[in-house]
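Here is a short report on one protein model and its ligand. Keep the structure open as you read, and find each residue as it comes up.

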Amino acid sequence: MSEELTSEVIADLLATAINAVAATSSLAELDHEASQVRAKDSALMLARRSLGTLSDIDARKAAGALLNEAMSVFGEAVDARRAALEISERASQLEADRLDLTEVVVGDLRVPVGRGHAHLVTQTRASLEAVFVAMGFTVTEGPEVETDWYNFEALNLPPGHPARDMYDTMYLDIGEPETVLLRTHTSPMQIHLLEQAVAEGTLPVHAAMAGRCYRLDTPDARHLPVFHQIEGLVIDRNITFADLAGVIETFTAAYFGPDIHARLRPAYFPFTEPSAEFEITCTICRGVGCRTCSRTGWIELGGCGMVDPAVFAAVGIDPVEWSGFAFGFGIDRCAQMRHQIADMRSLIENDLRFMRQF
Ligand code: DAH
């Protein structure tokens, strides 16, 4: 047998074992191959066992040394392959776990994802502000969390005033009970603006203020508990109700187009005297009467009137020198009327089929 266990034979056995290890493509496969080579009945192990049958001592020693070296070279090859496989298995694990946060996949993966656009209410707010800027108003905004003073009291709605029932108010659990609230309308901005104008001596004021408002209302075709209003305030010398009516008429034609009409109907708001409700032709039925307008043919957009002397008193403005008008109306309602949206709840349902139309 001695002639069979030459260095070439051992080199061949080693090469075969190393090739098998190099061909593995996973750690599990590598473990399997390595244990095959080290198994009792493998070619290398059978060769080692056959050493004992060699009668020539020197030849046995030489072959034994070669086999030991072959086994240690084989061990190094296994370790090297293991290190390489560990790196590539970790890399593919990371690749599989990767979250691509740059991409929101909607529906069919083959359909390119659009960039989206501003919500209809945001677009409407911007258009309304643009109309008022064109009419010479400045545009500002203010806090959604208000104190009772700004939302009610300074607007001539003292505690216990029956007109407070018009506003189902959401109070915040801050300070004394029922002193801090989510504004129920944008009218408190009138007080902020007038206080500032008095402090800085910057009267007259021609301003529009838009923003989010809150009321404890059940959503229906015309109401949302979180909605948007735009408030207008003009304080100057010799301002009359005719100026107010002119601004409302001009705004309606500019925003809704010439075939939509506005009407003012007597109403009551504690912060204006006289007060009026501002209605426009229902754009869904064009005045015929439908579910959305409760069959009246008209849709109420908001309220308006001449600023009440009590409001001037609250902020320290002389009602003899100054007079003015104010108005406030729903931005969501404007979006609804401009785009003939039968049910306002569509604005908050986030149905892409609806949203994509605008
Ligand atoms: N703030 C009132 C509301 O939300 C609407 C309103 C009425 C605003 C008359 C005004 C106004 O500025 O003068 O019900």
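## A covered helix

This model is predicted. Begin with what covers the buried residues of helix H4: the cover includes helix H1 (7-22), helix H2 (27-38) and helix H3 (43-50). H4 itself runs over residues 57-97 and has 41 residues. From its first C-alpha to its last, H4 reaches 59 Å. That is close to the 60 Å expected at 1.5 Å a residue.

Which residues of H4 are buried? They are Ala63, Gly64, Leu67, Ala70, Met71, Phe74, Gly75, Ala77, Val78 and Leu85. An α-helix has 3.6 residues a turn, so residues three or four places apart point the same way.

Look also at the N-terminal end of H4, which Asp56 caps. A side-chain oxygen of Asp56 lies 2.9 Å from the backbone nitrogen of Asp58.

## Two nonpolar cores

In soluble globular proteins, nonpolar side chains tend to be buried together. Here the largest nonpolar core has 45 residues. Which of its members touch the most others? They are Phe132, Phe251, Phe256, Phe278, Phe327 and Phe329. Helix H8 (residues 241-256) gives this core its largest share, six residues.

Take Phe251 as an example. Leaving aside neighbours within four places in sequence, Phe251 is in contact with Leu128, Val131, Phe132, Met135, Phe256, Phe278, Leu301, Phe329 and Cys334. A second core is separate and has 28 residues. Its members include Phe152, Leu157, Ala163 and Val311.

## The ligand site

How many residues surround the ligand? There are 16, and the closest are His185, Ser187, Arg215, Gln229 and Glu231.

A polar side-chain atom of His185 lies 2.8 Å from a nitrogen atom of the ligand. The side chain of Gln229 has an N or O atom 2.9 Å from an oxygen atom of the ligand. Ala326 uses its backbone: a polar atom there is 3.1 Å from an oxygen atom of the ligand. Taken alone, the ligand exposes 350 Å², and the protein buries 94% of that.

## Backbone details

Now turn to the backbone. A cis peptide bond joins Leu203 and Pro204, with omega about 5°. Pro204 lies in the loop between helix H7 (188-200) and strand S4 (205-214). Another cis peptide bond joins Glu273 and Pro274, with omega about -5°. Pro274 sits in strand S7 (residues 272-281).

Positive phi values turn up in residues other than glycine. Glu178 has phi near 55°. This residue is in the loop between helix H6 (148-151) and strand S3 (180-182). Is Glu178 buried or exposed? Glu178 counts as exposed because its relative accessibility is 51%, and the cut-off for exposed is over 50%. Arg286 also has a positive phi, about 55°. Arg286 lies in the loop between S7 and strand S8 (298-307). With a relative accessible area of 45%, Arg286 is partly exposed.

## A link across the sequence

Finish at Arg237, in the loop between strand S5 (226-236) and H8. At 44% relative accessibility, Arg237 counts as partly exposed. Arg237 and Trp322 are 85 residues apart in sequence, but their C-alpha atoms are 5.0 Å apart in space.

What does Arg237 touch, not counting residues up to four places away in sequence? It touches Glu321 and Trp322. The side chains of Arg237 and Glu321 are joined by a polar contact of 2.5 Å.

How values were computed: Residues are numbered from 1 along each chain as its sequence is written. This is a predicted model: local features need pLDDT of at least 70, side-chain atom pairs count only at pLDDT 80 or more; totals for chains, interfaces and linings use all residues. Side-chain values use heavy atoms; hydrogens and water are left out. Helices (H or I, at least four residues) and strands (E, at least two) are DSSP runs, numbered from the N terminus. The expected span of a helix is 1.5 Å times one less than its number of residues. Buried means under 20% relative accessible area, exposed over 50%, partly exposed in between (1.4 Å probe, protein chains only). Contact means heavy atoms within 4.5 Å. A polar contact is a pair of N or O atoms within 3.5 Å; within protein, one must be able to donate a hydrogen and the other to accept it, and residues adjacent in sequence count only if both atoms are side-chain atoms. A nonpolar core is a set of buried Ala, Val, Leu, Ile, Met, Phe, Trp, Tyr and Cys residues joined through side-chain atoms within 4.5 Å. A residue is near a molecule or strand if one of its heavy atoms lies within 4 Å of it. Accessible areas come from the Shrake-Rupley method with a 1.4 Å probe; for residues, only the protein chains shown count as cover.
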